[in-house]
Amino acid sequence: MISPTFKGLFQDASDGLKEEIQKIAQKQILSAGENLFDQGDASDHMYMVEFGQLQVSVLTEDGRRRALDILATGDSVGEIGLLDGGLRTATVHAKTDCVLRSVSRADLESIFARAPALAMELLQLLARRMRLMSEQLHAANFLNLEQRLASKVLQLAAMEPDGIIRMSHADIAEFVGGSREAVSRILSDWRNSDTIELQRRHIKIRQPDDLATIIGSEYF
């Protein structure tokens, strides 16, 4: 079995927990465009991305789909549902062809039955992750559209081997909660100031420090 890449939730896990997760993680392949799970589905698995990219989105109250995040190698999704068995709070689909490792609730329970200390460790890791997500959400609430866009562009570029973001302005606008027109205006301003290289469905950062300045040191 190929070892999962431990980032995100399990980055700071003990060798013992990583070894146990590696033993039970099952390989799963998704083709680009295929859903991993839908918002409202029952949940009893978590997933780690070994290769490829997943996109996370939710349905808003008015029925529109809102993109939230893109997950890449080493990221994980579905941890909370794995523990509480609740319904999925978002839809996750494969943005590219993906190789995942899945861990079931039943397999985790079998580990914890024979090694209770690992259960406590996982709870501590989850609590740390939830605290980080809460801090990020809190910070995002105080960012204006240009700051949110700068943060997302830096994140998306870091996920691409060549640093080039190949997305439409409408797709990027979904991630940052703005209109396509407003996002296009900001991107054009950045191009004019030589902060980015901008073509159709092609964004490349030229001055990352400019984007970091836009976000502000208290959030970057």
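A residue is called buried when its relative accessible area is under 20%, exposed when that area is over 50%, and partly exposed in between (1.4 Å probe, protein chains only). By this scale Asp 194 is partly exposed, with a relative accessible area of 35%. The structure is a predicted model, in which local features need pLDDT of at least 70, side-chain atom pairs count only at pLDDT 80 or more, and totals for chains, interfaces and linings use all residues. Residues are numbered from 1 along each chain as its sequence is written, and side-chain values use heavy atoms, with hydrogens and water left out.

Turning to the overall fold, the protein contains eight helices and eleven strands; these are DSSP runs (helices H or I, at least four residues; strands E, at least two), numbered from the N terminus. Its radius of gyration is 19 Å, close to the 17 Å from the globule rule for 220 residues, so the protein is as compact as a globular protein of that length. Here the radius is taken over C-alpha atoms, and the rule is 2.2 Å times the number of residues to the power 0.38. The C-alpha trace spans about 60 × 35 × 35 Å along the principal axes. Of the 220 residues, 43% are buried. Among contacts (heavy atoms within 4.5 Å) with a separation of 6 or more, 71% join residues 24 or more positions apart.

Next comes one pair of helices. Two packed helices are described by the angle between their axes and the distance between the axes. The axes of H1 (residues 15–24) and H3 (residues 105–114) come within 10 Å and cross at roughly 140°. That makes H1 oblique to H3, a word for angles left over once those under 35 degrees (roughly parallel), over 145 (roughly antiparallel) and 65 to 115 (roughly perpendicular) are set aside. Axes are lines fitted to C-alpha atoms, for helices over the stretch in contact, with angles from 0 to 180 degrees between N-to-C directions. Glu 20, Ile 21 and Ile 24 of H1 meet Asp 107, Leu 108, Ile 111 and Arg 114 of H3.

Two loop residues complete the picture. Most residues other than glycine have a negative phi. Asp 194, in the loop between helix H7 (180–192) and strand S10 (196–199), has a positive phi near 65°. Arg 201, in the loop between S10 and strand S11 (202–205), also has a positive phi, near 50°. Arg 201 is partly exposed, with a relative accessible area of 43%.
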